[in-house]
Amino acid sequence: MAAPKVYRNYINGEWVEAGCGQTFENVNPADKSDVIGLFPASDKVDADEAVAAAQGAYEKWRLTPAPKRGEILFRASQMLVERKEELAREMTREMGKILKETRGDVQEAIDMGFYMAGEGRRLFGQTTPSELVNKFALSVRMPLGVAGIITPWNFPMAIPSWKIFAALICGNTVVLKPATDTPLSSWNFVKILNEAGLPKGVLNLVTGSGGKVGTPLMKHSDVKVVSFTGSTEVGRMVSEACAPDFRHCHLEMGGKNIIIVMDDANLDLALDGALWGGFGTTGQRCTAASRVAVHKKVYKEFLRRFGDRAQKLKVGNGLDPTVEMGPCIHDQQRDTVHNYVEIGTNEGAQLLCGGQPLTEGEYAKGSFYPPTIFADCDPKMRIAQEEIFGPVVSVIPFETAEEAIEIANGVVYGLSSSIYTRDLNLAFRAMRDLYTGLVYINAPTIGAEIHLPFGGTKCTGNGHREAGQAGLDVFSEWKSIYVDFSGTLQRAQID
Ligand code: UN1
């Protein structure tokens with residue numbers, strides 16, 4: 001077998017090894033013998049160098065007209081379009097999700113690129129009358145400086161793109177630390193952006209572990225905003241690292257999302273939604289529908305059909321076009337999933353299907369787990385409360401819409417929720433009362449589009465949103481400007 005390709009960090013316009021010379025393997029979760037490449041196992045020295053490069057490039061980039069910054073983003077997005085298929089294939093190989101989904105992941109980056117490129121000619125502020133005569137008032141967005149961006153493995157290009165495109169268009173420079181399980185997609189993304197014409201130092205890439213690269217990055221006093229997507233534990237660390245000197249941070253963490261199926265729902269549609277929401281991306285989305293609450297009147301029928309269809313989903317290597325669900329990201333994640341299945345069984349939930357790792361034949365090569373459904377769950381069970389991040393759905397029976405909404409809101413997270421009903425009044429009540437950052441009516445909990453705010457309430461986030469206009473708020477600060485052309489002293493609130 002050919003030796004795996006060796007990749008490098010990208011710092012100040014150069015491809016460089018980690019200072020310590022160490023590397024780590026990027027392995028295909030569908031076939032662990034397939035080593036995709038060796039990536040720099042960087043540490044604080046490399047992170048500091050990248051921050052210094054980004055700091056050095058900041059002043060010039062800040063003063064580059066936003067429409068010019070937008071042109072580079074536009075070019076990069078066009079290059080993503082041209083290379084979409086190859087980028088998606090490489091992503092499936094390193095992350096495992098099926099090709100249709102990795103194409104979607106690249107598409108999400110393309111959409112965000114074009115959207116933010118357009119922002120180069122908008123970045124709207126306000127112009128507004130002053131309360132005083134011959135005085136002019138306006139507000140403008142200003143960039144923050146160096147942005148430290150720490151991204152997860154489940155959306156290896158989309159999530160870096162949400163953060164990086166927004167950061168760059170606002171005039172910040174960036175150091176990206178991607179997940180160790182999926183560095184190739186970030187490497188591809190950074191390469192394309194630089195080929196599109198970013199000046200050196202504006203976007204830097206440092207691969208390596210959270211402890212060795214993420215921690216020094218989040219603690220660095222020159223990193224003026226940290227944007228992080230990942231676990232609640234690490235999110236808390238980011239928050240604490242930024243708190244002492246009030247550097248900004250944007251956190252996007254866990255979810256325990258729900259689909260509510262009412263007795264008047266179109267059951268075929270609800271089943272399609274529950275399967276896609278629960279088992280799409282092997283359940284490894286923050287937005288995954290890991291809970292399905294079903295009205296008692298349709299509970300039995302829904303459960304029977306849900307179990308039948310879940311069992312028929314074809315699990316395997318995502319590069320095979322007939323496969324519907326790929327592997328877990330690695331064995332450790334699969335063990336976590338299986339551990340939760342044991343917890344659920346001990347809690348008294350009824351295992352309807354799945355529940356054992358897939359280890360025979362071709363499956364032995366990778367980290368596979370089948371679609372798994374627990375029936376008759378109590379909403380307080382751990383499997384109905386905690387994020388599992390795998391193909392496990394907990395089904396909860398209920399009797400009234402009020403009860404369903406209480407169940408929906410009765411978790412520490414608040415990312416996404418959904419209701420299937422034909423009752424317009426109830427749909428509007430749900431839109432008002434579901435306390436999540438995303439609400440879907442007659443659609444599953446996944447599938448957010450890039451031009452609306454994305455994020456969640458409670459332990460899912462820290463009050464910020466990314467994507468759309470809200471994403472600009474993470475990477476800029478408002479400056480209100482008053483121009484007095486009266487030639488006299490005018491006192492606001494007094495004269
Ligand atoms: C995530 O799960 O971390 O709405 C992001 C969705 C995708 C993004 C998911 N557009 O499911």
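1. Let's start with the cysteines. Searching the whole structure turns up zero disulfides (a disulfide being a pair of cysteine sulfur atoms within 2.5 Å). Cys249 is in none, and the nearest cysteine sulfur, on Cys242, sits 4.6 Å away. Cys249 counts as buried, at 12% relative accessibility (buried is under 20% relative accessible area, exposed over 50%, partly exposed in between, with a 1.4 Å probe and protein chains only). Cys353 is in no disulfide either, with the nearest cysteine sulfur, that of Cys377, 12 Å away. Cys353 is buried too, with a relative accessible area of 5%.

2. A word on what you're looking at. This is a predicted model, where local features need pLDDT of at least 70, side-chain atom pairs count only at pLDDT 80 or more, and totals for chains, interfaces and linings use all residues. Residues are numbered from 1 along each chain as its sequence is written, and side-chain values use heavy atoms, leaving out hydrogens and water.

3. Next, helix H2, residues 66–82 (helices, H or I of at least four residues, and strands, E of at least two, are DSSP runs numbered from the N terminus). H2 has 17 residues and reaches 25 Å from first C-alpha to last, close to the expected 24 Å (1.5 Å times one less than the number of residues). Its buried residues include Arg69, Ile72, Leu73, Ala76 and Leu80. The buried residues of H2 pack against H1 (44–63), H3 (84–95), H4 (99–119), H5 (158–169) and H6 (183–195).

4. Now the nonpolar cores (sets of buried Ala, Val, Leu, Ile, Met, Phe, Trp, Tyr and Cys residues joined through side-chain atoms within 4.5 Å). The largest has 69 residues, and Leu80 and Phe475 are among those with the most contacts inside it. H5 gives the most to this core, nine residues. Domain 1 (5–253 + 461–480) and domain 2 (258–441) both contribute residues, so this core lies between them; the domain bounds come from an automatic or database assignment.

5. What does Phe475 touch? Leaving out residues up to four places away in sequence, its contacts (heavy atoms within 4.5 Å) include Met142, Leu144, Ile149, Ala167 and Val225. Apart from this core lies another, of 30 residues, among them Ala274, Leu275, Ile373 and Tyr420.

6. Finally, a sheet. Three strands make an open sheet in the order E1-E5-E4, with mixed pairing (two strands pair if DSSP finds at least two bridges between them). E1 (5–6) and E4 (23–28) each have a single partner strand, so one side of each lacks a neighbour in the sheet. E1 pairs with E5 (residues 31–40) in the parallel sense over two bridges, and the bridge partner of Val6 in E5 is Leu38.
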